[in-house]
Amino acid sequence: MSNLLGKGMIDGLVVTAKNFVTSYFDGNRKDRLFTYQYPEERMKLPENSRTFPFLVYDGTPDQMRCTACKVCETECPPQCIYIVMERDANGKPLLRPRVFDIDISVCMQCGICAEVCPTNAIKMDCDFERSAHGRFETLLSHLPELLKSNDYYHQIKSAEATRVDATRKPVKKAAAPAPVKPMPTPADILTEDERSAWQRGCQSEIGTGPIVWPPPVVVKKKVAGTNTEQNVSAAPLPTGTPWHDSGIDIAARMELAKDRSLADKLMAAMAQLDCQACGYDCRGYADALASGTNSDFTLCTPGEEETKNMLEKLLKEAGKL
Amino acid sequence: MDAIYQLIHDYCPTMPDWLALALAILLPIAIVMGVFLTVFALLTWVERKALGRIQNRRGPNRVGPVGLFQPIADGLKLLTKEDIVPNAADKVVHFLAPVLVVVPAFMVLAVVPVAKGFIAVDLNIGVLFALAVSTASVLALFMAGWASHNKFSLLGAMRGVAQVVSYEVPMVLAAVVVLMASGSLSSVSIVEAQRGLTGWFVCKPWGLVGFVIFQLCAMAEVARTPFDLPEAESEIVAGYHTEYSGFKFALFQMGEYVAAITMGGITVTMFLGGYLGPGCDLPKFGWLISACWFFAKLGIIVVINIWARGTWPRVRVDQLLGFAWKLLLPLSLVNIVAMAVWHFAPNKLVGWVESAVLLAVAIVALVKINAGQTFEKRSYRFTS
Amino acid sequence: MSATGIIQTQTLEVSLGPQHPSTHGVFRMDVVLDGEYVVKLKPVMGYLHRNHEQLAEKMTWLGSMPYTDRLDYFCSMTNNWAYALAVEKMTGLKVPERAEYIRVIMAELTRLLNHSCAIGFLLSDCGAWFTPVLYALREREWILDFFETVSGARMMCNYMRFGGVRVDLDDASLAMARNIVARWPAFLDEFEKLMTENEVLLARTQRVGILSRNLAINASVSGPVARASGVEYDIRKVDKYGVYDRFDFGVPVGEAGDTFDRYMIRILEMREAVKILEQALRDIPAGPFIAPEAKLRNFKVPAGDGYGRIEAPKGELGFYLVSEGGAKPYRYHVRPPSFINLTILEDMCLGQKVADTVIILGSVDIVLGEVDR
Amino acid sequence: MNIVFLTLSAIMVLGAVLAVTLRNLVHCLLALVVFFLGIAGHFFLLKADFLGAAQILIYIGAVAVLILFAIMLTRNISGTEGGRSSLGGAWWLGVGLASSLAGMMCVFVRRSELVTKLPYGATEEGVVKEIGKLLVTDWVVPLEIMAVLLTAALIGAVVIALEEEKKR
Amino acid sequence: MIPPLEQVREMLSAGAAKSSLLVEREEAVAVAQFLKTDPQLQLDFCSCVTAVDYIKQDCIEVVYHLYSVALKHGPVALKVRAPRALEQCRMPSLTPVWRGCEYQEREAFDLYGVKFDGHPDLRRILMWDEFVDHPMRKDYVPPMDYEWEPTPHAETLARAKQTGGTVPASALEAKK
């Protein structure tokens, strides 16, 4: 305490003085004055930097790569993506999302959706200026805002985009080319029930009683004589499929469907995600394979290897192949 | 003041007498307040720019060309900020405290000779008046701390009072040396006593030690790093002005910074030869050059303050008080003896050497005595 | 222990936090003061409790990986590695050479980043008006840019996967890492010249907040805080996880165990980290950056429990995982170093002054994301 | 000139009265400080500016702070728990005593000729030198005794502080 | 009874993750003392204390991972089990043996409801003191009314109530 004015303090003064003086000479070097004067002087973001996800389309916004297989919706840790498959009049899936919402107030930009997407449909953007006026509606980005062209993707992440383009084989669209429908305007895109269904699904409220997952697909039907529409939820899946839970692994599922019909065994082999990547839901695809209308057993993309080998084994046993 | 009174009478004799007198009193006050308020605004800007540059970042550069209007922006912001008074606070005292902080800071300006012949009030007890008034700020600290009815401000107030009171004594004793040398209390005569080439008191051994003691005590009086204990942000939030917001907080900041400037002014007057400097006696622009000298020296003192603030950590309370009572006080007493030895020495050289030797011995002895807590050199072993 | 001296003084009950400039986050200390001396000190925590462990039980194994970034948000890379290591220990997944080297590089860069900021904040608690912190932040900017170039995000990297890492280090980022590491010795010298011999700092930190060696071991204190009190225990040397046994580096150990020792140990550890980085960057092999058999989706961990731990910058960071063989963990527990290092905060602060409690808390270097989970 | 004198005295009297009657001790202290300022003002009016500055330095700088520390050690400072009104029972006896004392003071001051003559030929700048000379020539003995007394007090304070430190 | 020394030493040498020692509640402190003081073991560093809720086996297991700083050898997992019901969920605290367990046992009490006898200061550490339930238990149903704010979420809650979402007793109790 006594030799307070010793050498150490003078050294400190020398260091700060040196910093002060040299800051005027090499001030513009970024390793000396490292602050960026933000709006005027912008930092060049490295290519890998990721903020919020966006959907990629090739050519016109209508040819979007996303097949609404809902893999990203299940894998997303904070559950901030909500997808509703587009169906034509009589309920046949059209391999395109009618509703694709991302709640960017919940999204934590972890990039897992881009990683797990089987069809390279969703990629991470690097535009971070996404402020909005409201806390709910404006921070919920709907399908039209999310869609960005592949050239934009090339523009922001050229190396990654070229790598992705090289690996992408032309995806065979199982369904017939759907008639070009005008893009749904936001007004009618999310009806009242779908909004609450989305909130149940998206808000990841822990343990709020039994969550029916995925939310029941609601088809509107005009009630005869009145102009009100009555919501009729599609027939829930037959209860007799205990294996229909993506949490159980394939061995356990096959165990459950041991002494069942071929169709049930085929269904047990699926990835149980009803992701419609194969053009049907799990039940539909298993029935199609069993009845021979569709002989291609490699369409269950989320199931990956284990489902394909199991389907091949089952079809061989049944002599279909 | 009477010089200005003559000035007024020469230019407009028709003016009634009492108006001239009133003008003679008010004019210097207006000048001093105007000059030193702009210096205060400038000081906040210089401090933030300098600290920024020390810390590898640009200081404020948004408001005005190089951030020059930043003090105005701060002032406006604080003016428009809501002035929250805690309901448990003692309203009257809570309101009075900021006023009492600012008043002494500005009153001391009355006796600081800014330039040749430019002094607000030439009291013949100038320095004593300055020191007396600056002790009044002790009460303001306590009132602020006590009235805010908040534990942190109480702690801050107690630290502030202890610090100011205990640094008052060595400061006055360091000033005594200068009074002995110049033979009078009036600040103008002190400055005049420092004429000549090596006339500045700081060039004398006892003057240098007195300057160092006075500068340390001034930093402690005004609570600047390394002695900024009363409002130590990291420990007791903001010390005695935790519960102040809006313009009252601005008054506290103004009081603190202006006190720093005035203490700098007095240090310059007493030790660095006020407005003296080559060229301050020229007939035509003598007073302008002397003003430049004064503000140049004031700038040096302010730079030292800012430099210390950007570098050194804060001292703890007991070390702070120990440093004042066990080191500065005895050193200033020995300094007075050294001054006497220098004064009564047969010739200048012998006196100079004798006092220098005496002071050196005193400093070494005091450092040895207080070396209670030695800092051991630590060695660290590396396990594989 | 109120003063029974001549004047009967009244003790003052103060709560430092949760809204306090130097508690490194929402953390409260109920302090009973007698004058300036601390008579009793009770830490209160839980303000940042997000129940990360229950979230993990409802998510897949991979789903919790981005959440580990939010534990000790200063060192996201080491959190990822600890979680990945625990899962690899249970599944027996073999990590390729290159991935091990990349993991060591990322962990040591995180150690540099964490120690420099920890010392910076400790010094600004001492009152050095944020200058040391901004010198540390200047170097930290370069490391965060490197993390962003590689993993995509500055602090929330979500970079490591079970069996390796997500993105490979191409030559450009390796070169960037090399010149970052080249800058560090000069920065460390400047930092030491600025602060280490400063008498005011010596006066304020020597013989303040002393932690004895036995109490450190008994209270399972880990990391620089324990090593400053003479505990020669560094998990990189004991468990020899990853490829740490290939690098030669020392582990600094102090003996007085006061705040100054904790400050010096962190500086010496930074110098050792620079040594490791130089060796790792020099001989990083080519090859796959993730195990070929590593699965991203439907990743299943065989039933059973396992405990994996690493030497995180703040101490021993461990993950205790119980799996029922499903896609979701049955029990997921984090052993956070800051939370357990706080056990001895009161023992160190008794008898010290208010100004010292703030510095002692700063020298223990806690982050509330990890304390409250 | 007497306007200033009258206002100053009025402020002083107000300060003194408030110092006695206010409930909150801290407010009393502030009123006392106003009173001391009044006295300093009077000294300046009488051109004894050394005394004025000394008054500010000693009474406001030191005595007020001393009273402040004393207040810090008392129990009920805001005076609300007191209960008894501050004027106390026999307040009329106090007033009578005070007024008679004041009357006697006026008579003595009127009679002595001290008022008319400026002491010791106080010229403009000479006062300070005069006081300096007197202190070192005629009054040097009391000065030395007071010095010894003050150092004894200082050492006593240090000893008490050290004892407190040992107990810690 | 104190586990035979060889069994523990062979468990340590094996160093596999499977080295765990299931101990009766009554003997926990004695075994802990033995593990800590035995010259060959010297497990003086209790690194991690975890409570695990095995709802199927109706028991809560507290796992202590012990290391030795002196001899630098690997983890021994000391496991103590107690029934799940809140009243009988008691076990002796090992804080007197290892001071490091103090906060972690308080966390186990706070999140799992395991009462540790002999713990110097058993209070809630992460949740606020007036909190009634133990949140990490498997059968815990979180209260529906966290800090309420009139947002579209309100519809979600209305929908949840309408479709039979349960409001747990603890939430009503906390509301009282």
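**View 1. Chain E consists of 5 helices and 6 strands.** Helices (H or I, at least four residues) and strands (E, at least two) are DSSP runs, numbered from the N terminus. Along the sequence, their order in chain E is α-β-α-β-β-β-β-α-β-α-α. Chain E has 176 residues, and 37% are buried; a residue is buried if 20 or more other C-beta atoms, placed from the backbone, lie within 10 Å of its own. Two residues are in contact if their C-beta atoms, placed from the backbone, lie within 7 Å. Of the contacts in chain E between residues at least 6 apart in sequence, 58% link residues at least 24 apart.

The model is predicted: local features need pLDDT of at least 70, and side-chain atom pairs count only at pLDDT 80 or more, while totals for chains, interfaces and linings use all residues. Residues are numbered from 1 along each chain as its sequence is written, and chains are lettered from A and ligands numbered from 1 in the order in which they are written.

**View 2. Chain B contains domain 1 (1-71) and domain 2 (81-315).** These bounds come from an automatic or database domain assignment. Taken over C-alpha atoms, the centres of the two domains of chain B are 17 Å apart. Domain 1 gives 15 residues to the contact, and domain 2 gives 12 residues. Helix α2 (residues 17-54) of chain B supplies 13 residues, the largest share of the domain 1 side. By class, that side has 13 nonpolar, 1 polar and 1 charged residues. Here Ala, Val, Leu, Ile, Met, Phe, Trp, Tyr, Cys and Pro count as nonpolar, Asp, Glu, Lys and Arg as charged, and the others, Gly among them, as polar.

**View 3. Helix α7 (residues 151-182) of chain B packs with α12(B), their axes coming within 9 Å and crossing at roughly 10°.** Axes are lines fitted to C-alpha atoms, for helices over the stretch in contact, and angles run from 0 to 180 degrees between N-to-C directions. The two helices are therefore roughly parallel to each other, a term for angles under 35 degrees. Their contact comprises 20 nonpolar, 4 polar and 1 charged residues.

**View 4. Chain B meets chain C through 31 residues of chain B and 40 residues of chain C.** On the chain B side, α11 (286-311), α12 (317-343) and β1 (381-383) are the elements that give two or more residues. This side divides into 12 nonpolar, 10 polar and 9 charged residues. Strand β1(B) runs antiparallel to strand β6 (residues 251-253) of chain C, joined by 3 bridges. B:Phe382 has C:Pro252 in β6(C) as its bridge partner.

Methods. Two strands pair if DSSP finds at least two bridges between them. Angles under 35 degrees count as roughly parallel, over 145 as roughly antiparallel, 65 to 115 as roughly perpendicular and the rest as oblique. A residue is buried if 20 or more other C-beta atoms lie within 10 Å of its own, exposed if 12 or fewer, and partly exposed in between; C-beta atoms are placed from the backbone.
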